[in-house]
Amino acid sequence: MLGPVPAVIGVAWGTIIYSVRSFSDKTNLPEWARPVLDGLMALNIDLSVDAVAIRLGMWDWGKGLDYQYFGVPYNNFWAWFWVVFSFSASLRLLSKLPGLWGRWFSPAGAILCGTAGVLITNELITSIPNELIHYATIIAVLGSALILVLVLRPEVSTQPHDAFVFLVPLGFHAYFLIAGLVSNAILDPPFLLVVSMAMCIIALWLHRNALNNWYRSNAVAPEDTGSSRKEYNTFKKT
């Protein structure tokens, strides 16, 4: 335990950040925009996980299950986006430092920058006294991030990805979806099941090429897996 927070939460955050960064690095997005995609992909996971987790008794926001997003404060998603964005952006920047500074000290620096980023943005959002403006700001910022990614139309390489990249998000979605169904927690209310399934389908669609390549590489001989030429698929292609 780190105070009231289980240490496993930090490990979960680390695996999610690593997997989304690995995914965005397989796109042709400009490097400055990749942290934005990282934050949005982390939100895709949390929109399924958090509401089910509190119904399974893993943690409690203390607001009741009908509060805001199925019992989860909207500020949680604001914080999720900024901690992932801040860590991802700072690690990419610091890793460019020469020699040992970039190799050994960039992770620690990214942790400090990520922590500072989420603390600063949380202070900014909580300093808005008007509730309407407060939540309108959250919607505007996260909505603008989504629009930015869609406008840039990132293309995902069809080259094989490490299995870790898709196993992490799909593993989170599958675990909480199954656990929620077995315990009936995800049916309180039933619309939570709809949202969770929608987030899972989005994750499957985003990782469809990696899953297909992984299946083909395990189903056919290595010499039949195709050429090494780098290819891309856009998010908008089916």
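Visitor: Why is W82 called buried?

Guide: This is a predicted model, and the accessibility is computed from it. W82 has a relative accessible area of 18%. Buried means under 20%, so W82 counts as buried.

Visitor: What makes F85 buried, partly exposed or exposed?

Guide: The relative accessible area of F85 is 22%. Partly exposed covers values between the 20% limit for buried and the 50% limit for exposed, so F85 is partly exposed.

Visitor: Why is the pair of W82 and F85 called edge-to-face?

Guide: The angle between their planes is 80°, and planes over 60 degrees apart count as edge-to-face. The ring centres are 5.4 Å apart, and rings pair if their centres lie within 6.5 Å.

Visitor: How are W82 and F85 placed in helix α3?

Guide: They are 3 residues apart in helix α3, so about one helical turn separates them.

Visitor: What makes F70 and F191 an aromatic pair, and what kind is it?

Guide: Their centres are 6.4 Å apart, and the limit is within 6.5 Å, so they pair. The planes stand at 40°.

Visitor: Which parts does the pair of F70 and F191 tie together?

Guide: F70 lies in the loop between α2 and α3, while F191 belongs to helix α7, so the pair joins parts that are 121 residues apart in sequence.

Visitor: Are F70 and F191 buried or exposed?

Guide: F70 has 14% relative accessibility; the limit for buried is under 20%, so F70 counts as buried. F191 has 52%; exposed means over 50%, so F191 counts as exposed.

Visitor: Which residues do ring pairs link into a cluster?

Guide: Y69, F70, F77 and F191 are linked that way. The count for the structure comes to 10 aromatic pairs.

Visitor: How do you know that the charged end of K63 sits over the ring of Y67?

Guide: The charged end of K63 is 5.5 Å from the centre of the Y67 ring, and the distance limit is within 6 Å. The rule also asks for a position within 35 degrees of the ring normal. The contact is counted as a charge over a ring.

Visitor: Which residues touch the most other members of the largest nonpolar core?

Guide: I16, F23, Y69, F81 and V84 do, in a core of 49 residues. Helices α1, α2, α3, α4, α5, α6 and α7 each supply at least two residues of this core, and α2 gives the most, with 12. Members of such a core are buried and joined through side-chain atoms within 4.5 Å. In soluble globular proteins, nonpolar side chains tend to be buried together.

Visitor: How much of the protein is buried?

Guide: Of the 238 residues, 41% are buried. The protein has 8 helices and 2 strands.

Visitor: What makes a space a cavity, and how many are there of 30 Å³ or more?

Guide: A 1.4 Å probe fits in a cavity but cannot get out. The structure holds 2 cavities of 30 Å³ or more. The largest has a volume of about 40 Å³, and its lining includes N44 and H207. Helix α2 gives the most to that lining, with 3 residues. The lining divides into 6 nonpolar, 2 polar and no charged residues.

Visitor: What lines the second largest cavity?

Guide: Its lining is made up of S48, V52, H173, F176, L177, I186 and S196, around about 30 Å³ of space. The largest share, 3 residues, comes from α6. By class there are 4 nonpolar, 3 polar and no charged residues.

Visitor: What is known of the second largest pocket?

Guide: A pocket is an open set of points, and this one holds about 590 Å³. Of its 22 lining residues, the closest to its centre are L40, L43, N44, L47 and L146. Helix α5 gives the most to the lining, with 8 residues. The lining divides into 19 nonpolar, 2 polar and 1 charged.

Definitions and conventions:
Residues are numbered from 1 along each chain as its sequence is written. This is a predicted model: local features need pLDDT of at least 70, side-chain atom pairs count only at pLDDT 80 or more; totals for chains, interfaces and linings use all residues. Side-chain values use heavy atoms; hydrogens and water are left out. On a 1 Å grid over the protein atoms alone, a cavity is a set of points where a 1.4 Å probe fits but cannot get out, and a pocket is an open set with protein on both sides within 12 Å along at least five of seven lines; lining residues have an atom within 4 Å of a point. Grid points are joined across faces, edges and corners, and a volume is the space filled by probe spheres set on the points. Helices (H or I, at least four residues) and strands (E, at least two) are DSSP runs, numbered from the N terminus. Ala, Val, Leu, Ile, Met, Phe, Trp, Tyr, Cys and Pro count as nonpolar, Asp, Glu, Lys and Arg as charged, and the others, Gly among them, as polar. Buried means under 20% relative accessible area, exposed over 50%, partly exposed in between (1.4 Å probe, protein chains only). Rings of Phe, Tyr and Trp (its six-membered ring) pair if their centres lie within 6.5 Å; planes under 30 degrees apart count as stacked, over 60 as edge-to-face and the rest as tilted.
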